[in-house]
Amino acid sequence: MLLKEVFKAWGHPNVKATHKTTLEITREDHLTPRGDCIVAIKSERSVADLNHNLKQALMQRNARVTLILKVLDVEDVVTGFGSEKLLLASQMSMVCRKSDYICPRTLMVKCDKSAADIDRELIRYLKQEAQVKVTIEVEV
């Protein structure tokens, strides 16, 4: 079974996307230069806002998770896993992690990419405050 949720977020001139272990999307409307894992702000969703059925799927041990970021014709894909330990409680953001660390903001763990691995053309668009289409797919 495949579940999907699509929403929008926006870039910001301070998007660095240089963090080597995490990638974050936030509902915050600003970004300081210290936020090196953040790739998008003003998100329409946080992990707490996701559809109930999608959250239930994310909390399955065998859930395979895909995050697709798309600006114009440039797209990048992050894949990872859900966990029965996910809290999905943050009302402010969502974080994809290369590790298996879990906190209220964690969307997925054991990801194949962090912010530093995202296509640099996509990051250039985000630095220009482009709108990004965010798609989360969960297969269980």
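Guide: The model is predicted, so local features need pLDDT of at least 70 and side-chain atom pairs count only at pLDDT 80 or more, while totals for chains, interfaces and linings use all residues. Residues are numbered from 1 along each chain as its sequence is written, and side-chain values use heavy atoms, with hydrogens and water left out.

Visitor: Why is the contact between R45 and E5 called a salt bridge?

Guide: A salt bridge is a side-chain nitrogen of Lys or Arg within 4 Å of a carboxyl oxygen of Asp or Glu. The N to O distance for R45 and E5 is 2.6 Å, so the pair counts. The structure holds 7 salt bridges.

Visitor: What makes E5 buried?

Guide: Buried means under 20% relative accessible area, exposed over 50%, and partly exposed in between (1.4 Å probe, protein chains only). E5 has 9%, so E5 is buried. R45, at 22%, counts as partly exposed.

Visitor: What makes D49 and R27 a salt bridge?

Guide: Their closest N and O atoms are 2.8 Å apart, which meets the cut-off. D49 has a relative accessible area of 34% and is therefore partly exposed. R27 is also partly exposed, with 34%.

Visitor: Which salt bridge does K113 form?

Guide: The side chains of K113 and D76 meet at 2.3 Å, N to O, so this pair also counts. K113 and D76 are both buried.
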